[in-house]
Amino acid sequence: MKKIFSTGYADFSFNLAMFLLRAGFGLLLFYNHGLSKLMNFEERKDSFSDPLNIGNTNSMMLTIFAEAFCTLLLAIGLLSRLASFVLVVFFIVILFVVHKDDPIKEKETALLFLLVFLTTLLCGPGKWSIDNLIGK
């Protein structure tokens with residue numbers, strides 16, 4: 001019972017939590033969003049949303065970079081803080097540009113992803129990562 005109310009944490013618990021956040025949310029975003037965009041690039045590039053006015057194809061390429069490549073880097077723990085930074089910026093754009101006029105219910109998923117990737121940016125990947133193995 002004492003452990004439930006404790007404010008301390010063990011290194012094992014912290015590293016397990018960071019691994020689960022990185023791998024779980026990274027793979028979830030990759031599988032549910034990034035992979036389909038990557039596989040259907042040719043069909044969707046001309047009609048893809050362009051919230052930053054940089055062109056449909058460029059917007060889709062940046063989205064694929066964030067949703068496919070950065071999520072995989074984060075999931076394996078390689079260049080984790082850089083990948084997290086890209087994903088934080090990506091979700092800020094989604095929240096404040098793409099869904100700026102939508103009710104909070106429409107923004108909820110993006111907000112949850114933003115909070116998770118902001119956490120991984122601030123806390124780092126933990127010891128169970130390639131970054132830790134190579135000493136970054």
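Predicted model: local features only at pLDDT ≥ 70, side-chain atom pairs only at ≥ 80, totals over all residues.
A pair of aromatic rings is described by the distance of the centres and the angle of the planes. Eight aromatic pairs are found in the structure. In one of them, formed by Tyr9 and Phe14, the ring centres are 5.8 Å apart and the planes meet at 40 degrees, so this pair is tilted. Tyr9 has a relative accessibility of 62% and therefore counts as exposed, whereas Phe14, with 28%, counts as partly exposed. The pair of Phe91 and Phe113 is stacked, because the planes of the two rings are at 10 degrees, with the centres 5.4 Å apart; for a pair to be stacked, the planes must be under 30 degrees apart. Phe91 belongs to helix H4 (residues 80-98) and Phe113 to helix H5 (residues 104-123), so the pair ties together parts that lie 22 residues apart in sequence. Both of these residues, Phe91 and Phe113, are buried. Ring pairs also join Phe91 and Phe113 with Phe25, Phe90 and Phe117 in a cluster.

Helix H4, which holds Phe91, was then examined along its length and around its axis. With 19 residues at 1.5 Å a residue, H4 should span 27 Å, and this agrees with the 25 Å that separates its end C-alpha atoms. The buried residues of H4 are Ser80, Ala83, Ser84, Leu87, Val88, Phe90, Phe91, Ile94 and Leu95. Around the axis these residues cover an arc of only 165 degrees, which means that they are on the same side of H4. An α-helix has 3.6 residues a turn, so residues three or four places apart point the same way. On the face of H4 that is turned away from the buried side are the exposed residues Leu82 and Phe96. The cover over the buried residues of H4 includes helix H1 (11-39), helix H3 (56-76), H5 and helix H6 (130-134).

The count of salt bridges comes to two. In one of them the side chains of Lys37 and Glu67 meet, with a distance of 2.9 Å from N to O. This pair links distant parts of the chain, since Lys37 lies in helix H1 and Glu67 in helix H3, 30 residues apart. Lys37 and Glu67 are both buried. A salt bridge is also formed between Lys45 and Glu42, whose closest N and O atoms are 3.7 Å apart. Glu42 has a relative accessible area of 56% and is therefore exposed.

Key. Residues numbered from 1 in each chain as written. Heavy atoms only, no water. Phe/Tyr/Trp six-rings, centres within 6.5 Å; stacked < 30°, edge-to-face > 60°. Buried < 20%, exposed > 50% of the residue type's maximum accessible area, 1.4 Å probe, protein only. Helix = DSSP H or I, 4+ residues; strand = E, 2+ residues; numbered from the N terminus. Expected span 1.5 Å × (residues − 1). Arc of directions from axis to C-beta. Contact = heavy atoms within 4.5 Å. Salt bridge = Lys/Arg side-chain N within 4 Å of Asp/Glu carboxyl O.
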